[in-house]
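Work through the exercises below with the coordinates open. Try each task before reading its solution.

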Amino acid sequence: MQTPATYPAARMRRLRRTRAMREMVQENGLSAGDLIWPVFIRDGNGVEEPIASLPGVNRLSLDRLLPAAERALALGIPAICLFPYTAPDLRTEDCAEAWNPENLTNRAIRMLKAELPELMVMTDIALDPYNANGHDGFVVDGQILNDETVDALVKMGLAQAEAGADILGPSDMMDGRIGALRAAMESAGHRDVAILSYAAKFASGFYGPFRDAVGAGTRLVGDKATYQINPANREEALACVARDLAEGADMVMIKPGMPYLDICRAVKDRFQRPTFAYQVSGEYAMLMAAAQNGWLDGDKVMLESLMAFKRAGCDGVLTYFAPRVAEILRK
Ligand SMILES: NCc1[nH]cc(CCC(=O)O)c1CC(=O)O
């Protein structure tokens with residue numbers, strides 16, 4: 001970096017004087033094309049069910065998902081990511097609903113790809129919405145089984161690819177799942193299905209409202225510390241990213257987002273591959289709660305928080321704010 005001249009030759013305020021000048025020298029940009037919109041789906045018809053801890057976010061039945069997705073596409077959002085709220089009787093210890101070709105997610109994928117082929121559909125691969133105990137993997141005697149879970153995740157991913165998913169999002173943090181999924185996609189002829197790995201996923205308190213939304217929160221026995229990363233660890237997160245890229249991930253994600261911008265920057269600098277952050281449910285809830293109390297300007301902090309991801313090196317962000325942001329950016 002060139003050392004700036006000293007005052008008064010250097011007056012940093014010269015380039016901040018007018019809006020035109022500020023825009024001309026702006027270093028980073030945010031556009032609708034950077035956004036992936038996470039959406040919660042449920043069964044039924046005509047249902048838009050509010051989620052108390054995520055103000056403004058609803059669980060949508062598939063007939064309501066379609067117009068919402070259509071609007072997202074019209075606003076320039078390239079992808080939506082589906083998260084199912086599974087009916088209670090379909091949550092079992094063997095998690096068999098996860099790879100049912102006719103499950104809610106797979107039906108949603110087929111509908112979206114038939115009606116809106118240009119909109120990319122991303123999925124979540126983990127057992128928690130189908131598991132009786134809320135964990136991302138099989139639980140036996142209080143242990144989360146790794147390799148048995150990977151086999152199940154592969155079946156789940158294959159069913160999603162078969163239904164037409166464009167991007168698979170393994171969020172489970174089992175070891176070896178990226179390699180196993182990539183090999184399965186190759187041999188099943190799904191060569192162009194992309195994998196966006198939840199590579200640096202931390203054991204975070206910020207997932208609370210999400211677990212309410214998919215109905216896994218009250219069921220969860222214990223915590224996820226034996227598979228998600230300790231929030232104190234940076235080198236471990238980088239090792240996970242390196243491993244997932246080596247196993248065939250096309251893109252990687254850091255999650256949560258705002259408290260982990262240092263990891264975003266480190267991942268982009270070190271690997272120079274497509275890098276995404278997930279601005280998770282708790283981050284959304286915290287900004288919305290303050291905005292609803294009149295303590296923060298909601299739109300302003302929303303845009304600022306998303307620009308921060310771009311500045312930290314991310315290529316894009318998963319955010320519940322996506323439609324709102326895209327609407328503002330269109331004006
Ligand atoms: N595999 C589950 C999964 N996929 C995405 C999220 C969190 C997303 C959010 O909080 O918005 C979680 C929660 C968890 O790991 O408990």
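A residue counts as buried when its relative accessible area is under 20%. The model used here is predicted.

**Exercise 1. Classify Ile36 as buried or exposed, and list what it touches.**

Solution. 
- Step 1: locate the residue. Ile36 is found in strand E1.
- Step 2: apply the cut-off. Ile36 has a relative accessible area of 6%, so it is buried.
- Step 3: collect the contacts, leaving out residues up to four places away in sequence. Ile36 touches Ala79, Ile80, Cys81, Met122, Leu196, Phe276, Val317, Leu318, Thr319 and Ala322.
- Step 4: check one of these partners along the chain. Leu318 is 282 residues apart from Ile36, yet their C-alpha atoms are separated by 4.5 Å.

**Exercise 2. Characterise the ring pair of Phe40 and Tyr320.**

Solution. 
- Step 1: Two aromatic rings are described by the distance of their centres and the angle of their planes.
- Step 2: The whole structure holds 10 aromatic pairs.
- Step 3: read off the geometry. Phe40 and Tyr320 lie 5.7 Å apart, centre to centre, with 10° between the planes. Planes under 30 degrees apart count as stacked, and this pair is stacked.
- Step 4: Phe40 belongs to strand E1 (residues 35-42), while Tyr320 sits in the loop between strand E12 (316-319) and helix H11 (322-330), so the pair ties together parts that are 280 residues apart in sequence.
- Step 5: Phe40 is buried at 1% relative accessible area. Tyr320 is buried too, at 6%.

**Exercise 3. Describe how helices H3 and H4 pack.**

Solution. 
- Step 1: get angle and distance. H3 (residues 104-115) and H4 (residues 147-163) pack at about 25°, with axes 8 Å apart.
- Step 2: name the arrangement. Angles under 35 degrees count as roughly parallel; H3 and H4 are therefore roughly parallel to each other.
- Step 3: assign the hand. H3 passes H4 in a right-handed crossing.
- Step 4: list the contact. H3 supplies Asn106, Ile109 and Arg110; H4 supplies Ala159, Gln160 and Ala163.
- Step 5: inspect Gln160. Its relative accessibility is 2%, so Gln160 counts as buried. Beyond four places in sequence, Gln160 contacts Asn106, Ile109, Thr123, Asp124, Ile125, Ala165 and Leu168.

**Exercise 4. Which residues of H11 are buried, and what covers them?**

Solution. 
- Step 1: the buried residues of H11 are Ala322, Pro323, Val325, Ala326 and Ile328.
- Step 2: their cover includes E1, helix H2 (62-74), helix H10 (298-311) and E12.

Definitions and conventions:
Residues are numbered from 1 along each chain as its sequence is written. This is a predicted model: local features need pLDDT of at least 70, side-chain atom pairs count only at pLDDT 80 or more; totals for chains, interfaces and linings use all residues. Side-chain values use heavy atoms; hydrogens and water are left out. Rings of Phe, Tyr and Trp (its six-membered ring) pair if their centres lie within 6.5 Å; planes under 30 degrees apart count as stacked, over 60 as edge-to-face and the rest as tilted. Helices (H or I, at least four residues) and strands (E, at least two) are DSSP runs, numbered from the N terminus. Buried means under 20% relative accessible area, exposed over 50%, partly exposed in between (1.4 Å probe, protein chains only). Axes are lines fitted to C-alpha atoms, for helices over the stretch in contact, and angles run from 0 to 180 degrees between N-to-C directions. Angles under 35 degrees count as roughly parallel, over 145 as roughly antiparallel, 65 to 115 as roughly perpendicular and the rest as oblique. A crossing is left-handed if the near helix is turned anticlockwise from the far one by less than a right angle, and right-handed if clockwise. Contact means heavy atoms within 4.5 Å.
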